[in-house]
Amino acid sequence: MQPSADSLQIGNYIGALLQWRDLQTSYDAFFSVVDLHALTVEQNPAELREKTRRTAAQYIAAGIEPSKSTLYVQSHVRAHTELAWILSTITGFGEAGRMTQFKDKSARYGADKASVGLFTYPVLMAADILLYQTDVVPVGDDQKQHVELTRDLAERFNKRFGEAFTVPLPVIQKETARIYDLQDPTAKMSKSAESDAGVLWMLDEPAKTAKKIMRAVTDNEGSVRFDREAKPGVSNLLVIYAALTGRQIASIEDEYAGRGYGDFKKGLAEVVTGVFGPVRERALELLDDPAELDRILAENAAKADAVADRTLADVYDKVGLLRRV
């Protein structure tokens with residue numbers, strides 16, 4: 001994730017962190033706070049450093065364990081930018097230009113606002129993945145195209161220069177993992193939302209979180225049932241409830257049958273604050289000791305370096321770069 005806000009939101013937790021937490025038990029997992037990607041938009045330097053720490057702290061607080069996986073800051077591993085340059089030399093201009101996110105953002109903000117960094121963002125993402133001989137990449141639908149480009153570049157390099165990369169497979173998150181804005185349940189919940197009222201932040205005070213849930217948009221029907229088209233607001237709340245409790249949506253519908261939205265929202269508020277309370281406490285504890293957090297990140301960056309440098313050295317040899325003696 002990019003360090004683009006002071007706090008992650010519930011969509012990040014349900015759609016990514018819960019899945020990542022499980023993956024670290026069955027894979028040699030690498031997790032990164034991608035601060036270099038964040039530079040594709042204007043950043044305040046001091047705020048970027050703080051947000052990077054805060055994002056890493058929330059990874060750990062949500063269950064990403066540095067002792068079980070490798071959790072590092074992207075810019076701490078220089079091989080990322082070095083491999084990105086090599087990959088950019090085998091990426092077609094038209095190929096990069098067809099990336100949907102670049103086209104959408106450049107159309108929205110204008111060509112003058114779209115940087116070369118935004119254009120080559122998917123190439124750096126490919127380097128992020130390929131450096132670690134990655135088998136699977138957990139992504140949402142919006143990032144699937146970037147993983148497909150990564151696969152194409154890996155296969156192209158392997159064919160042209162010899163086997164250097166594992167060709168990764170995307171693992172697409174289930175549709176039910178997508179969380180929508182509480183005030184506009186047809187729009188995906190986002191850290192860059194125009195209004196704070198529809199976003200549940202992991203580091204918010206419990207009372208503030210509960211208030212947002214009680215004010216969430218529903219409908220006039222009054223029945224707690226899942227129907228994404230006809231009842232987007234209630235359906236979104238049901239998805240959140242099910243994801244955080246591990247229950248089936250039908251079970252939750254049965255529990256609140258005939259009880260109305262007030263009881264349902266109160267129950268959901270208790271679930272969300274119950275889950276986020278310990279996460280928030282642990283994250284703030286980590287942030288109160290930035291030296292220790294930095295030590296953890298440095299130790300993990302060294303682990304990432306060891307793997308990434310082996311891949312990069314092999315790539316340099318294969319493309320014909322002269323070794324430094």
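Accessible areas here come from the Shrake-Rupley method with a 1.4 Å probe. On that basis, the accessible surface of the protein chain in this predicted model comes to about 16100 Å², and 51% of that area belongs to carbon and sulfur atoms.

**The whole chain**

Begin with the protein chain in cartoon view, where 14 helices and four strands can be traced. Its radius of gyration is 21 Å, close to the 20 Å that the globule rule gives for 325 residues, so the chain is as compact as a globular protein of that length. Along the principal axes, the C-alpha trace spans about 75 × 45 × 40 Å. Of contacts between residues at least 6 apart in sequence, 73% join residues at least 24 apart.

Next, colour the charged residues.

**The largest nonpolar core**

Now turn to the interior; buried residues make up 47% of the 325 residues. In soluble globular proteins, nonpolar side chains tend to be buried together. Select Ile10, Tyr13, Leu17, Tyr59, Ile240 and Phe264, the residues with the most contacts inside the largest nonpolar core, which has 58 residues. Elements that each supply at least two residues of this core include helix H1 (10–23), strand S1 (30–33), helix H3 (45–61), strand S2 (70–73) and helix H11 (232–245). The largest share, 11 residues, comes from H13, the helix spanning 260–287.

Centre the view on Ile10. Leaving aside neighbours within four places in sequence, Ile10 is in contact with Ile179, Met189, Leu200, Ile240, Leu244, Val272 and Phe276.

A second, separate core of 27 residues can be displayed next; among its members are Leu124, Ala164, Ala304 and Leu312.

**His37**

Select His37, which lies in helix H2 (residues 35–38). Is this residue buried or exposed? The relative accessibility of His37 is 3%; this value is under 20%, and His37 therefore counts as buried. Beyond residues up to four places away in sequence, His37 touches Gln2, Gln74, Tyr121, Leu124, Met125 and Asp128. One of these partners, Leu124, also belongs to the second core.

**Gln133**

Finish at Gln133, in the loop between helix H8 (121–130) and strand S3 (136–139). Inspect the backbone here: phi of Gln133 is near 50°, a positive value in a residue other than glycine. The relative accessible area of Gln133 is 28%, which lies between the 20% and 50% limits, so Gln133 is partly exposed.

Conventions
Residues numbered from 1 in each chain as written. Predicted model: local features only at pLDDT ≥ 70, side-chain atom pairs only at ≥ 80, totals over all residues. Heavy atoms only, no water. Rg over C-alpha atoms; globule rule 2.2 N^0.38 Å. Buried < 20%, exposed > 50% of the residue type's maximum accessible area, 1.4 Å probe, protein only. Contact = heavy atoms within 4.5 Å. Core = buried A, V, L, I, M, F, W, Y, C linked by side-chain atoms within 4.5 Å.
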